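Please look through the structure shown here before reading on.

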Amino acid sequence: VSSTRGVTVSGRVTGSDGRGLRGAAVTIADDDGYVRTVTTSSFGYFTFEGLQTGETYVLTVNSRRFTFQAPSQVITLTDNAVDVNFTAE
């Protein structure tokens with residue numbers, strides 16, 4: 001059962017040295033195929049707002065300059081999700 005209460009998913013995209021990667025595209029998709037994409041800030045942070053609890057989402061990161069060992073993560077929201085992080089190889 002999903003709720004209409006808006007929750008957020010946020011995290012950071014970093015290089016192998018731990019520094020934030022600016023301009024990486026982070027995409028979130030739900031079970032219905034609805035997709036949103038944001039670009040990371042100058043310090044690698046991203047946030048998606050207005051998501052629903054009880055739903056499962058797939059987050060994927062993409063960068064022109066970097067590759068990721070684990071470019072996708074699947075999460076089922078029960079509340080706000082913070083520290084959904086990606087690290088470049």
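Predicted model: local features only at pLDDT ≥ 70, side-chain atom pairs only at ≥ 80, totals over all residues.

Q: How many salt bridges does a search of the whole structure find?
A: Side chains of opposite charge can pair when their charged atoms come close. A salt bridge requires a side-chain nitrogen of Lys or Arg within 4 Å of a carboxyl oxygen of Asp or Glu. The search of the whole structure finds 1. Asp17 pairs with Arg19, and their closest N and O atoms are 3.0 Å apart.

Q: Are Asp17 and Arg19 buried or exposed?
A: Buried means under 20% relative accessible area, exposed over 50%, and partly exposed in between (1.4 Å probe, protein chains only). Both Asp17 and Arg19 are exposed.

Q: How many aromatic pairs are there?
A: A pair of aromatic rings is described by the distance of the centres and the angle of the planes. Rings of Phe, Tyr and Trp (its six-membered ring) pair if their centres lie within 6.5 Å; planes under 30 degrees apart are stacked, over 60 edge-to-face, and the rest tilted. The count is 2. Phe46 and Phe48 are edge-to-face, at 6.1 Å centre to centre and 65° between the planes. Phe46 and Phe86 are tilted, at 6.4 Å and 40°.

Q: Which residues do the ring pairs link into a cluster?
A: The cluster consists of Phe46, Phe48 and Phe86. Phe86 counts as buried because its relative accessibility is 1%.

Key: Residues numbered from 1 in each chain as written. Heavy atoms only, no water.
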